[in-house]
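Subject: Handover of a structure and its main features

Dear colleague,

Please find below the structure that I am passing on to you. The notes after it set out what was found.

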Amino acid sequence: MATEAKRHKVDDGLELSPLQNFLQWCHRVGLVLSNKVCVSKEGTVAEYGMLAKGDIEEGEVLFTIPRSALLHQGTTKVSALLEKERSSLDGSSGWVPLLLALLYEYTSPQSHWKPYLSLWTNFKTLDHPMFWSKEERDRLLTGTGIPEAVDTDLANIQKEYTDVVLPFIKKHPDLWDPNTHTMELYTLLVAFVMAYSFQEPQAEDDDDEEDEEDDGKAPNPPMMVPMADMLNHVSNHNANLEFTPDSLKMVCVRPIHKGEEVFNTYGQMANWQLLHMYGFTESYHSNSNDTADIPITNLYKVVTQDIQSDLDRQLVEEKWEMLCQIMQEKATFVFGKQGCLTDTELHTALKVLCMSKEEFSEFKDDEGWEEDEEDDEKISHAFSNDGVPGLKASWRRLIHEAARLTVRSYSEEKEKKKEGEVVDSDQTLVEDQAALAGLSSRQQRALQVRWGQKSILYRLMVLTKS
């Protein structure tokens, strides 16, 4: 959250900084901040953050936000109109009502949330990959999955603005102006919502949890939560946001010592997700939630390399067609630091691809296998780091070669030999502190994503080595 230029500090009490103005607003709207914490621009991992002024025990409430201070489609000044025309505001993001509220409130001098929104001058602190050039994304992030996700985002944003938002704001010229509320501003606000909004979990009915899942209830719409969005994220967080009928509370979940930063969690996020959605990364070795994906198509490529006859090819194509019916051609297998997170899907793919002609014929005749043939717990262990070395040799080889293909897909794949061994250039860079310090912030974040994913894949290759 770094700003391009700092505002002037208080001069003889005549001018308040944006942060001081925001804190005064918090007091006016009934936001209660513990005297054991403070919001600071110093000593935090980003432009803003929260620090402990004293030792804090588990369970202590750090701040309480009344629901009336939240900014969303139900609290904005234009809420009645958004509710009235809700049926015409159905966009691919599901965020159109909130984004229209933000377009209005951000540009309204009289907005109730002006002190809050003024913390982000022109949103120039946002540095999601969607704001990088396509050349830079492709050069730094190819293979990570981010360029494809950004391309989809940008196409959806343009379509949503053109087809849904622009007709709506033209219909209400007294509230919105296409010359002010442009697609550029809309894109910035999409990134703002991606990075700073919160979604309230669905209320759970203990007696009916399974039925509720089956009902396919739509998730609650996102909302902006002043103060809560100033806390930074780490996977090993020490605070968590709790929702009550009247307010939201940030609660300490483990002891925090004086001078330490208070960290919230945005969920179990791999570094590629953090960079894509929030514009930052954790250090690859400290992010316990980091993952790497192996596309199912890489398994297919490995299998086709072994084809020796037309009959072999026909059998492989039949297996592949069957797999595409069971899964999707764009499916991926997700590996975390402790093993495969999509173990059931990988188990199915390997089982089908490694079947003999007779086994596959029987499989088709039976229309699959019995669901309880192998229980989930056994499969989960088999594809954990502890279990992978014990897989069938044919399965290990498929995983090993698919992982190798995936590593080769990363941008500017550079390998060099060092004392007879092939060394990944990203590994060399990560281990060279001087070279690391010379990288731009974008290059550093991209490196954390790339090497975090590659290190998981390299570990998998070691575990599956014959």
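Strand β3 pairs with strand β10 (residues 261-264) in the antiparallel sense, over two bridges. Before going further, please note that this is a predicted model, in which local features need pLDDT of at least 70 and side-chain atom pairs count only at pLDDT 80 or more, while totals for chains, interfaces and linings use all residues. Residues are numbered from 1 along each chain as its sequence is written, and side-chain values use heavy atoms, with hydrogens and water left out.

Strands and helices here are DSSP runs numbered from the N terminus (strands: E, at least two residues; helices: H or I, at least four). Two strands count as paired if DSSP finds at least two bridges between them.

Buried means under 20% relative accessible area, exposed means over 50%, and partly exposed lies in between (1.4 Å probe, protein chains only).

A three-stranded sheet

An open sheet of three strands runs in the order β11-β12-β13, with antiparallel pairing. Strands β11 (292-295) and β13 (339-340) are at the edges with a single partner strand each, so one side of each has no neighbour in the sheet. Four bridges join β11 to β12 (residues 332-336) in the antiparallel sense, and I294 stands opposite F333 in β12. Helix α10 (residues 296-305) packs on this sheet and touches β11 and β12, its direction making about 50 degrees with that of β11. Helix α18 (residues 441-463) also packs on the sheet, touching β11 and β12, at about 65 degrees to the direction of β11. Contact means heavy atoms within 4.5 Å; axes are lines fitted to C-alpha atoms, for helices over the stretch in contact, and angles run from 0 to 180 degrees between N-to-C directions.

Nonpolar cores

A nonpolar core is a set of buried Ala, Val, Leu, Ile, Met, Phe, Trp, Tyr and Cys residues joined through side-chain atoms within 4.5 Å. The largest has 86 residues, of which F63, L100, Y116 and F192 touch the most other members. Helix α7 (residues 183-196) supplies the largest share of this core, eleven residues. Apart from neighbours within four places in sequence, L100 is in contact with L82, L89, V165, F168, I169 and W176. A second, separate core of 41 residues includes V303, I307, V388 and A403.

Cavity and pocket

On a 1 Å grid over the protein atoms alone, a cavity is a set of points where a 1.4 Å probe fits but cannot get out, and a pocket is an open set with protein on both sides within 12 Å along at least five of seven lines; lining residues have an atom within 4 Å of a point. Points are joined across faces, edges and corners, and a volume is the space filled by probe spheres set on them.

The structure holds one cavity of 30 Å³ or more. The largest cavity is lined by I294, L299, F333, F335, L346, I399 and A402; β12 and α15 (393-408) are the elements that give two or more residues to this lining.

The largest pocket holds about 730 Å³ of space. Among its 28 lining residues, V45, G279, F280, T281 and R445 are the closest to its centre. Helices α7 and α18 and strand β7 are the elements that give two or more residues to the lining, and α18 gives the most, with four.

Two residues with positive phi

Most residues other than glycine have a negative phi. N122, which is not a glycine, has a positive phi of about 60 degrees; N122 is in the loop between α4 (114-117) and α5 (134-141) and is partly exposed, at 44% relative accessibility. M227, also not a glycine, has a positive phi of about 80 degrees. M227 is in the loop between β6 (223-224) and β7 (232-233) and is buried, with a relative accessible area of 0%.

With kind regards
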